[in-house]
Amino acid sequence: MEAAHDESPGDMESFVHVELELEETSPQSSAAALFRGEEDDESGEDSGTEHFSMVKPGTRLQRQERHPGVTSGLPDTFQTSHLLFYERFKAYQDYMLGDCKPSEIKPFIADYLRNVVEPRDWQALWCTDVFDVLLEVTDVDFSDLKASVSLVLPLQCETRGCELDEESMKSLLEATRHRVSLLELQVVFEESGTFDMTALAVEHLRFFYKHIWRPWDEEDEDDDFDYFVRCVEPRLRLYYDILEDRVPAGLVSEYQLLLSDCTRCFQQFSVLRSGLSSDSESELDNVSMVEGLELFNQHETLKRKLYIIENPLLRYVLAYKGNSPSLCVQSRGKRESGVRMVHVVCDSCNPQQLQSLLNDRLLPDCSADDTEIQFHRDPVSAVDSCHEGDMVLVLPGVYRVTSSMFLPDSITVEGFGLPDDVVIEKKSKGDSFVESTGADVRLSNIKFIQHDAIEGILNVRQGALSLENCVLQCNTTGVVLRSSAHLSMHMCDLYGSKGAGVEIYPGSRCKLVGNGIHHCKDGILIKDFAKDVMPSIIMENNVIHNNEGYGVILVKGSSEESSKDGVEAEPARGGTAPTPEPPPAEADEDGAPSLKVHFCRQLSKSKEATCSRPVEDLMEHEIFTAIHGNQFRRNGAGDWGTFFY
């Protein structure tokens, strides 16, 4: 599936800003508007209503075969499940939800369906976990999201683990009063195009209630906000980010677990709340009220954690828990034989290279009786064969790998030559490129090229890693230093990260000396959470330049006092006055080179504790045990910034 969600809202104006000036909108006219191409949206003001008379006969949707290559007793349906991000985005923003508030969700959806769904005389498959059966829709209750149906005779049905005949199906329909949820209907394929819009509308409805809507959305105490902006858009983006492998697998698992726990907690709270009597003062009711309060607080905590993951900006700066395959890779320790192995990685080499390798490295390092040499064709197999104390020598060449490199032992991986001559390139998607958990790992003289490694080009999860004279060409995140881990990065060149070049977590120790960090979203991102041990950082003689955001940005909790009054302090020493906040729809950083980060909007206190304020000079912050000789040039938002949450 092609990625369509990388476009920013600003880039999508031609898709998401459509003004309909008709007093009444028929299903056919809405179909024309939704099927209209990008070129039509950009054709000018005169095109407002012309397109409604240009609907061509015939369907524009694909046929969904039930069982390709197998004869089925049931008809095919419309293929609507593979819509792109902007198609769903446009439908929800322009037609289905617009600027509705949480309490207005159902009325807005009902109005949308009333305008686009054929009210009767269409066929659909009623799809459940145990059967699919062909029905005729005789009427639609848009407010209740249900359809009145009748059984198509002779019976056309497929079952799973049960047997159904015509009489039993009639009895089942009578029990439901011949009313079926629209979410369980799949519109039968029709080439005329008459039911295209009905099929699309039912798909948008089904997707919304399966992936976007939450049972607690309509009960939000703060009902005065744009539901699409705060809930629909970030959840929709997260769905496609997960679909296209842009979110670490551990974070996806954490999100799904949180969502399950939050739903369960809300159900328990709702049951408890419905059983309470408003005028009772019995001991049992008092106990239930205490339990209800605990469930409510637990639910609010879970909702906040969900919101952090759903919001792209907060996910970038705050979400850091998650599982990793590297944690399952155990240290092999020393070989039982006591032999130390030198692993030589070489696809091919000439006699001069071999002679140089022998004279410069192998003979000096392998002269002892307890050292042996082993040859490999790729660096991943060499690393996977390592035990504690082994060395990997990578000869010049471009090594294209498809799997991650896990470093659970204290080993040395060294390029035999200049970094531009010793290249390890990861071609396939995955959670990470290089994962280090060894107590003392050393990498040097290698160029790493990353493609779609979600967790970053190099992830130091625990232990200590020394990185010297390496080139890191990133595609997503750069070097990630997790809590309690140590990193020494010396004379390296890092660039191209769509996140931070170096991401430093609480409780870690980081030494950056003589590096170039440039052309990333942010140069260095430091996470200083109040509840955790602060990181310890040494920064000397680094050149941090041409980053889109800040050269160095600190993420930290805002003080309770400042969060309550919302008053902003004076600009920090050397900073300029704050710039105006960006439009609410753009959740991004902005501003002049002052120590300030703008957040997209203010939510209720129960929902959002993020604020934006200038802070003290970061160079004097206690997280820096030594900082001098660094150069900052042409960083888009400024050299130093702070994000308060």
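This is a predicted model: local features need pLDDT of at least 70, side-chain atom pairs count only at pLDDT 80 or more; totals for chains, interfaces and linings use all residues.

1. Helices are named here as DSSP runs of type H or I with at least four residues, numbered from the N terminus.

2. Together with L354 and L363, L358 makes up a nonpolar patch on the surface, and the three residues have about 240 Å² of accessible area together. L358 itself is partly exposed, because its relative accessible area of 31% falls between the limits of under 20% for buried and over 50% for exposed.

3. Turning to the charged side chains, the structure holds 26 salt bridges.

4. Within helix α4 (residues 85-96), K90 and D94 are four residues apart, which is about one turn of the helix. The two form a salt bridge in which the closest N and O atoms are 3.7 Å apart. K90 counts as buried, since its relative accessibility is 6% and the cut-off for buried is under 20%.

5. A salt bridge also joins the side chains of E310 and R235, with an N to O distance of 3.5 Å. E310 lies in helix α10 (residues 283-310) and R235 in helix α8 (residues 227-243), so this pair ties together parts that are 75 residues apart in sequence. Both partners are buried: E310 has a relative accessibility of 5%, and R235 has a relative accessible area of 7%.

6. Helix α8 takes part in another such link, because D241 lies in helix α8 while R315 lies in helix α11 (residues 312-317), and the pair ties together parts that are 74 residues apart in sequence. The salt bridge between R315 and D241 has its closest N and O atoms 3.0 Å apart. R315 is buried at a relative accessible area of 13%, and D241 likewise counts as buried at 11% relative accessibility.

7. Which residues are linked with R235 and E310 in a network of salt bridges? They are R214 and D217, so that the network consists of R214, D217, R235 and E310.

Terms used. Residues are numbered from 1 along each chain as its sequence is written. Side-chain values use heavy atoms; hydrogens and water are left out. Patches are made of residues with over 30% relative accessible area and no salt bridge: like charges are joined within 9 Å, nonpolar side chains (Val, Leu, Ile, Met, Phe, Trp, Tyr) within 5 Å. Accessible areas come from the Shrake-Rupley method with a 1.4 Å probe; for residues, only the protein chains shown count as cover. A salt bridge is a side-chain nitrogen of Lys or Arg within 4 Å of a carboxyl oxygen of Asp or Glu. Buried means under 20% relative accessible area, exposed over 50%, partly exposed in between (1.4 Å probe, protein chains only). Helices (H or I, at least four residues) and strands (E, at least two) are DSSP runs, numbered from the N terminus.
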